[in-house]
Amino acid sequence: MTENQSLTVRDNRTGEEYELDITDGTVRAGDIGKIGKTDDDPGLAVYDPAFTNTASTRSAVTYIDGEKGILEYRGYPIEQLAEHSTFLEVAYLLIHGELPTKEQHDEWVHEITFHTFVHENLKSLMQGFRYDAHPMGMLLSSVGALSTFYPEARAISDPDIRHEQIVRMIAKMPTLGAWAFRHAQGKPYVYPDNNLSYTENFLSMLFKMSEQEYNPDPRLSKALEVLFILHADHEQNCSTNAVRSVGSSQVDPYSAVTSGIAALYGPLHGGANEAVLKMLRRIGTVDKIPEFIEGVKNGDEKLMGFGHRVYKNFDPRATIIKKAVDDVFEVTGVSPLLEIAQELERIALEDDYFVSRKLYPNVDFYSGLIYEALQFPPEMFTVLFAIPRTAGWLAQWIELVDDKEQKIARPKQIYTGDRQLDFVPAAERWAK
Ligand code: SDX
């Protein structure tokens, strides 16, 4: 390949030629804008609905190779982090860009542990929801409400204030998520237990009843650690793009993260794990799978938990989660839906409809089975995604705020509507 990292573009409308530099596999849209630019013409723009081939930022947080199924947080392979690390250590890595020393780790864990409580007024706000409110709607609202309890968070460039909000959000997400769960069950909210680890405390706030102290099964808290690590970040996905876009207006981090929760709520994104379980329940038995697959091929529905914008051979997280499924079932017993999921995966991986579209199980396909085995209702599954993803959203938000190349996000459009219509007042319009 030549050293000449540039494009020579000829505008056939004018015969003009342009040299466009290629940097990091991209051409700057600003350089494209020089093509055909005159006093009357703004020049060419790039049209890319859903940004399928557009880089919106430079980032050092997460690396993904979709063809090779590679996922690395700050350069560390996800397989090694899932096996040897803890979620809070990974959260530190994502936020600070390097693994903590013992002193840094202990300080980080202490700070998170002692920020798990939530203002009592926020508890009252959550208790105002209907009994059947979706926990993601409750989480969305309560994280947005947090911005009103910490108005100092608007000082987004002050490192100490920024650090305090990051600690608060990582610490309080499990509390808010657990309280949304308890609300749906009509059970009393359980306060954090600072003697427990991050995932043990989460399990305690979810499931503790009248016992003095809740002692979670270590296999379940370990499985949650792995799931939280796997869900912590994933480059410029839909919800991270929302956090960056909203954050580009220089709003406080609580409001920016709230936009990420809203995006994750969607069934094509974080809501897929809830949709997977509902899909498996709807299929019901293995013999119904062929009929369901036909429905997918007819375009009547999607095979939820399959496909990915980036991964085209396999999602490395799905591979790791499949192992965690066995560990959890050792404690909870095997889900009857596992057989359907395994048969569905076997058929899909052999069927040309899915193979030709490079549709493989993604992170959501098996995670739902674990969450169901842990006694979570499907509505809680995306909350279990949002809790760890908060660390990734905040790491990406920090990068955005500190990136001198970034400014308020405001894409162009191709206008397809009417022009220069004469307004006819209502009285005249309706008189006819
Ligand atoms: C997450 O981006 C991230 O990193 C997200 C995430 C993260 O960690 O943040 O990894 C988490 O969101 C995982 C994805 C969870 N979503 C689902 O499981 C929902 C089901 N999957 C799809 O909706 C879909 O695969 C997407 C949304 C994940 C990806 O969609 P793309 O990249 O826009 O692909 P596409 O919709 O253009 O599909 C290409 C073709 C189409 O067929 P044709 O129109 O060419 O005939 O594949 C088909 C699609 O109809 N297709 C599916 C399918 N996914 C894509 N057909 C059936 N079932 C599916 N699941």
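Q: Axes are lines fitted to C-alpha atoms, for helices over the stretch in contact, and angles run from 0 to 180 degrees between N-to-C directions. At what angle do α7 and helix α18 pack, and how far apart are their axes?
A: In this predicted model, where local features need pLDDT of at least 70, side-chain atom pairs count only at pLDDT 80 or more, and totals for chains, interfaces and linings use all residues, the packing angle of α7 and helix α18 (residues 381-402) is about 165°, and their axes lie 9 Å apart. Numbering starts from 1 along each chain as its sequence is written, and side-chain values use heavy atoms, with hydrogens and water left out.

Q: So how do α7 and α18 run relative to each other?
A: The two helices, α7 and α18, are therefore roughly antiparallel (an angle over 145 degrees).

Q: OK, and what about helix α3 and helix α7, at what angle do they pack?
A: Helix α3 (residues 87-96) packs against helix α7 (residues 159-185) at about 150°, and the axes of α3 and α7 are 12 Å apart. That makes α3 roughly antiparallel to α7 as well.

Q: Switching to the ligand: which residues come nearest?
A: There are 22 residues around the ligand (a heavy atom within 4 Å), and among those 22 the nearest are His234, His308, Arg309, Arg317 and Arg389.

Q: Which atoms of His308 and Arg317 lie 2.6 Å from the ligand?
A: For His308, an N or O atom in the side chain is 2.6 Å from an oxygen atom of the ligand, and for Arg317 a side-chain N or O atom is likewise 2.6 Å from a ligand oxygen atom, with pairs of N or O atoms counted as polar contacts within 3.5 Å.

Q: What does Phe306 place 2.9 Å from the ligand, backbone or side chain?
A: Phe306 places a backbone N or O atom 2.9 Å from a nitrogen atom of the ligand. Taken alone, the ligand exposes 1000 Å² (Shrake-Rupley, 1.4 Å probe), and the protein buries 73% of that area.

Key: A polar contact is a pair of N or O atoms within 3.5 Å; within protein, one must be able to donate a hydrogen and the other to accept it, and residues adjacent in sequence count only if both atoms are side-chain atoms. Helices (H or I, at least four residues) and strands (E, at least two) are DSSP runs, numbered from the N terminus. Angles under 35 degrees count as roughly parallel, over 145 as roughly antiparallel, 65 to 115 as roughly perpendicular and the rest as oblique.
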